[in-house]
Amino acid sequence: MRSRLLSLWPFVGLALVILLVPIPFNSTPVTHELTMTATQFAFDPPVLRVRQGDRIRLSLQAGDVVHGFYLDGHDIAVRVEPGISQQVEFVADQVGKFRYRCSVSCGTLHPFMIGELVVGPNLVLARAIGLMLVALAAILLYLWRFPPREPGHNL
Ligand SMILES: [Cu+2]
């Protein structure tokens, strides 16, 4: 029995690595405060990269004519007039890519005025999934090396 359990040590080691390895980026939710400028026919910045759980505080500005800011999947739609900045605040609670687009017809290339919010997975969640996979692998290996005895066979 002892040697059986010893065979699981590599998995314990792997689990510890997943739990303890330092990650170069922040795992706790942060607040991103930034200015988003809309001009014909693009948003600046064109891509927003955040992590799940982060709060985003946008100051929306129109550089030339009236624009709009509509964010897919977040129920956010704002009209932005030149000279008047609009504040938008939300929490990126879903992982994935969400397009933001101009919602006010502002010229010929208006339909192509699109940006992207990229929400990466939260690290805590990623570690939990990693641990689960290691545990699963350990169980499968254990069962493969030491299959349960057939009923009726005594030790
Ligand atoms: Cu526009």
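**Strands, sheet and overall form**

Modeller: Happy to! This is a predicted model. Gly 96 sits opposite Val 119, a residue of β9.

Biologist: Which strands pair there, and in what sense?

Modeller: β8, covering residues 96–101, pairs with β9, covering residues 114–120. The pairing is antiparallel and runs over six bridges.

Biologist: And what is the strand order of the sheet?

Modeller: The order is β3-β9-β8-β5-β6 in an open sheet of five strands, and the pairing is mixed.

Biologist: Which ones are the edge strands?

Modeller: Those are β3 (47–51) and β6 (76–80), each of which pairs on one side only.

Biologist: How many degrees are neighbouring strands turned against each other?

Modeller: On average 15°, with direction ignored.

Biologist: Nice. Switching topic: what elements does the whole chain have?

Modeller: The protein chain has three helices and nine strands. Starting at the N terminus, they run α-α-β-β-β-β-β-β-β-β-β-α.

Biologist: Is the chain spread out or compact, going by its radius of gyration?

Modeller: Spread out: the radius of gyration is 25 Å, while the globule rule gives 15 Å for 155 residues, so the chain is more spread out than a compact globule. Its C-alpha trace spans about 85 × 30 × 20 Å along the principal axes.

Biologist: What share of the residues is buried, then?

Modeller: Of the 155 residues, 15% count as buried.

Biologist: Last one: what about contacts between residues at least 6 apart in sequence?

Modeller: Of those contacts, 71% join residues at least 24 apart.

Definitions and conventions: Residues are numbered from 1 along each chain as its sequence is written. This is a predicted model: local features need pLDDT of at least 70, side-chain atom pairs count only at pLDDT 80 or more; totals for chains, interfaces and linings use all residues. Helices (H or I, at least four residues) and strands (E, at least two) are DSSP runs, numbered from the N terminus. The radius of gyration is taken over C-alpha atoms; the globule rule is 2.2 Å times the number of residues to the power 0.38. A residue is buried if 20 or more other C-beta atoms lie within 10 Å of its own, exposed if 12 or fewer, and partly exposed in between; C-beta atoms are placed from the backbone. Two residues are in contact if their C-beta atoms, placed from the backbone, lie within 7 Å. Two strands pair if DSSP finds at least two bridges between them. Axes are lines fitted to C-alpha atoms, for helices over the stretch in contact, and angles run from 0 to 180 degrees between N-to-C directions.
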